[in-house]
Every structure is written in C-alpha cells, then in structure tokens.
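Here is a short briefing on a protein model. Look first at how its parts meet, then at what lies inside them.

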Amino acid sequence: MPTHKTFNCFPDTKLLLWNITETAETLSQNLHLTQKSLDRLRNMKSEAHRRGFLSVRQLLLEQGYQDSDLFYDEFGKPHLVDGKHISISHSHEFSAIIISDRITGVDLELRRDKIAVIADKFVEPTFILDKNNPDYIRKLTVNWGIKEAVFKIRNEKGISFKDHIDVKLFEMEDKKTTATLHFNKLQRHFDVYFEEIGDYTIVYLFEGN
Ligand SMILES: CC(C)(COP(=O)(O)OP(=O)(O)OC[C@H]1O[C@@H](n2cnc3c(N)ncnc32)[C@H](O)[C@@H]1OP(=O)(O)O)[C@@H](O)C(=O)NCCC(=O)NCCS
C-alpha cells in the first residue's frame with residue numbers, strides 16, 4: 001500500500017510526497033516505462049536510486065501522468081508535455097514532485113548536523129545565524145534547500161549559491177520567506193515555502209519577477 005502525502009498548497013499547484021517503503025519491483029508493477037527510462041533504470045548503481053526514480057513515476061501516475069508525459073532537457077531538467085511546470089527531488093526514504101502553472105522548484109533534504117561543516121561555502125554573508133540557536137541546523141537546511149530549488153529553476157552555468165542567491169532571514173514558524181537570484185545582470189525573486197516532515201525539510205518556491 002503506497003504511503004504518500006499531498007499538499008494542496010495553492011489552487012494552481014500540487015506538491016506530492018512519497019514515503020518509499022516498497023521494493024523497486026513493487027514500485028514498477030503498474031508502470032509503463034519508456035525505453036529511455038528503462039535504460040536509465042538499468043544504469044542506476046543503487047537500489048535506493050531505482051526506488052526514488054520509480055516512486056516519482058508513481059506520484060506522476062497519481063496525477064494522471066504516464067512516464068512518457070515527462071521528458072528531460074539537455075541539462076537534466078524535467079518537463080511535462082502539457083506545459084505545466086514540474087520539479088522533482090528525492091532524499092533517502094522520501095521523494096517529492098511539485099506540479100504547477102507557475103515556474104516552480106522543490107528540494108527535499110534530510111536534516112543533518114554535518115551541514116554546518118559546509119555552511120561557509122553556501123551561506124551568503126547577509127544571512128547571519130547564531131550557531132548556538134537551537135534552530136541553527138534547521139535554518140541552514142532551509143537555506144540550502146532554497147538554493148537547490150532555485151538552481152533547479154535557473155540552472156545557468158556559474159551560479160554560486162553563496163554569491164548569487166540571497167535568502168531573507170526568517171523564523172522556522174514563518175514557514176515562508178523570499179529569495180533573490182542576482183546573476184549576470186539578471187535579477188529574479190522567489191516566493192519560498194518550507195515544511196518539516198520528521199527529519200526531512202521540504203522547500204518549494206515559485207519564480208516571481
Ligand atoms: C541538479 C541538482 C540541483 C539536483 O539536486 P540533488 O540534491 O542532487 O538531487 P534531488 O534529488 O533534489 O534532485 C534530483 C532531480 O533534480 C532534477 N534535475 C536534475 N538536473 C536538473 C537541472 N539541471 N535543472 C533542474 N532540475 C534538475 C531531476 O528531476 C532530478 O531527478 P530525476 O533525474 O530522478 O528526475 C544538483 O545536483 C546540483 O547540481 N546542484 C548545484 C550544485 C551547486 O552549485 N552547488 C554549490 C555548492 S556551494
């Protein structure tokens with residue numbers, strides 16, 4: 001029995017989460033995969049990767065999409081044939097997809113203390129956090145997730161998480177914030193939302209002007 005959660009966050013958007021408890025074999029049972037997907041699956045080195053990939057197809061099916069309705073551009077960014085925007089993420093035992101009329105990105109992260117070790121590589125100087133605050137790791141994880149999700153929307157070569165993406169400071173209870181990408185004369189704003197599900201943080205965002 002599949003376990004998943006649907007967030008009806010906005011009328012034009014569906015965010016779906018799959019808790020991956022099934023084997024790859026079970027997850028593939030009712031799927032009709034394209035030859036491309038079958039080739040991709042065959043080349044995946046880990047069972048975990050295969051389960052993540054297949055659970056995403058289960059989420060798509062849930063929304064009435066076949067595997068053949070999804071295609072990837074040369075950068076690996078997913079698209080839907082009907083023109084709706086889609087973004088995909090998987091992390092250990094969860095996978096997530098977001099489908100929207102708006103330009104959107106999603107990222108799922110398992111919260112881990114070790115994110116602190118690389119904080120100075122991705123956190124911008126204006127995002128000042130108190131390392132002793134109990135929410136330190138939680139906020140760092142949101143900051144990272146935002147940047148991954150922005151990158152999934154605008155994956156231009158040369159974007160630096162630290163230098164080109166600014167996140168407005170927030171409290172965890174806010175469950176939302178904004179972010180700005182400024183890169184190569186381009187400036188884009190994003191409305192950001194985040195949730196925590198157990199040990200996981202899910203960030204989703206929409207591109208504004
Ligand atoms: C592309 C990227 C964002 C994927 O994130 P990830 O955490 O590795 O993996 P996730 O599970 O969250 O996302 C994977 C999904 O992203 C999507 N994806 C892959 N490449 C993508 C791209 N170029 N653009 C948009 N989406 C992409 C795919 O749908 C993929 O899943 P699928 O192939 O099974 O469909 C990431 O690999 C990346 O390149 N990040 C930027 C690295 C960087 O600049 N780091 C700076 C550190 S300071």
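In this predicted model, 21 residues of domain 1 are in contact with 15 residues of domain 2 (contact means heavy atoms within 4.5 Å). Domain 1 spans 3-102 and domain 2 spans 107-207; these bounds come from an automatic or database domain assignment.

**Ground rules**
- Residues are numbered from 1 along each chain as its sequence is written, and side-chain values use heavy atoms, without hydrogens and water.
- As the model is predicted, local features need pLDDT of at least 70 and side-chain atom pairs count only at pLDDT 80 or more, while totals for chains, interfaces and linings use all residues.

**Between the domains**
- The centres of domain 1 and domain 2, taken over C-alpha atoms, are 23 Å apart.
- The count of salt bridges between domain 1 and domain 2 is 0 (a side-chain nitrogen of Lys or Arg within 4 Å of a carboxyl oxygen of Asp or Glu).
- On the side of domain 1 that touches domain 2, β1 (3-10), β2 (13-19), β5 (85-91) and β6 (94-100) each give two or more residues (strands are DSSP E runs of at least two residues, helices H or I runs of at least four, numbered from the N terminus).

**Inside**
- The largest nonpolar core has 29 residues (a set of buried Ala, Val, Leu, Ile, Met, Phe, Trp, Tyr and Cys residues joined through side-chain atoms within 4.5 Å; buried means under 20% relative accessible area, with a 1.4 Å probe and protein chains only).
- Helix α5 gives the most to this core, with 8 residues.
- Leu-181 is among the residues with the most contacts inside this core.

Definitions and conventions:
Buried < 20%, exposed > 50% of the residue type's maximum accessible area, 1.4 Å probe, protein only.
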